[in-house]
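Dear colleague,

I am passing on the structure we spoke about, with the sequence alongside.

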Amino acid sequence: MGEIVNTLAHYFTTKERIRQEEEDDSKLGIVEVFRMLLSCKSWVMNALYIIVYGILNLLIMSNVNYYATYILGSASSATPIMAVFLATSVVGTLGCIPVDKKIGRRNTMILGAAIYLVGKIPFLINPYSIVTIYINGITVAIAMAFAFVLFNTNRNNLSDLIEFRSGRRIDSLVSTCDNLAAKLSKAGVNLAMTAALGAAGFNAELAEQPQSAIETICALLGWVPMVFAGIMLVIAFFHPIEKEMAEMREIQKANS
């Protein structure tokens, strides 16, 4: 549901900029496509950013029900948590664009990851508090909304950048390939998460889980996503999209 809300907000707040500089409609082979994508550093970094986003989204969506059921003691407790998460996602999505314009793309990506990291600290201190799980959810929602808007609008710039360098526009492949990588990564993390819960003694048939399973659920909502958020922060810090786009515009301006 969160991704649906973010997608709609992204649709209504993003200006379409598709243009075709050349009329070359010849087919591209898969090797040539990947050469074009992998030779673009910004695409590689954006794909990594999307992969981490998908993993972080999976962790909270998959474990909040476990947390509500076995730690808060009621599966229905997940409903208000997710409601606050979705409402905050809308606010974060709408607020991302002016922040991006104010401080720049790279700084906004860094800010989103930093919000995610800072929001985890209270939860790590006391993972059994209803207050800290709401703080966790609110900050995650803001960070994920920022990430969703930014990596999607980055794709528009990446299409421009790849077209400028290669003479071919591959809008659909820019997003299809990074989405495939993200889905494969999420599948791997989902298997690892299931294995971790199983190793900790989790049993869905039990009304109460062993302490090891409870601690694993808290870890999957706490320090584990915090590690991935740290990776996201590093990716954002080194993301060259603004630099590469500025270089492209300078060349275009000089040639016009």
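Read along the sequence, the pattern is α-α-α-α-α-α-α-α-α-α, so that the protein has 10 helices and zero strands. Please keep in mind that this is a predicted model. Of its 256 residues, 46% count as buried, and among the contacts between residues at least 6 apart in sequence, 82% join residues at least 24 apart.

I looked at one helix pair in some detail. Helix 4 (residues 78-103) packs against helix 6 (residues 130-166) at an angle of about 40°, the axes being 7 Å apart, and that angle makes helix 4 oblique to helix 6. The crossing of the two helices is right-handed. Helix 4 contributes residues including P80, I81, V84, F85 and T88 to the contact, while those from helix 6 include I133, Y134, G137, I138 and V140. By class, this contact has 17 nonpolar, five polar and one charged residues.

The other element I would point out is helix 7 (residues 171-199), whose 29 residues should span 42 Å at 1.5 Å a residue, which agrees with the 43 Å between its end C-alpha atoms. Its buried residues are V174, S175, C177, D178, A182, V189, M193 and L197, and what covers these buried residues includes helix 2 (30-38), helix 3 (41-70), helix 6 and helix 8 (211-221). Just after helix 7, G201 takes a positive phi of about 90°.

Conventions
Residues are numbered from 1 along each chain as its sequence is written. This is a predicted model: local features need pLDDT of at least 70, side-chain atom pairs count only at pLDDT 80 or more; totals for chains, interfaces and linings use all residues. Side-chain values use heavy atoms; hydrogens and water are left out. Axes are lines fitted to C-alpha atoms, for helices over the stretch in contact, and angles run from 0 to 180 degrees between N-to-C directions. Helices (H or I, at least four residues) and strands (E, at least two) are DSSP runs, numbered from the N terminus. Angles under 35 degrees count as roughly parallel, over 145 as roughly antiparallel, 65 to 115 as roughly perpendicular and the rest as oblique. A crossing is left-handed if the near helix is turned anticlockwise from the far one by less than a right angle, and right-handed if clockwise. Contact means heavy atoms within 4.5 Å. Ala, Val, Leu, Ile, Met, Phe, Trp, Tyr, Cys and Pro count as nonpolar, Asp, Glu, Lys and Arg as charged, and the others, Gly among them, as polar. The expected span of a helix is 1.5 Å times one less than its number of residues. Buried means under 20% relative accessible area, exposed over 50%, partly exposed in between (1.4 Å probe, protein chains only).
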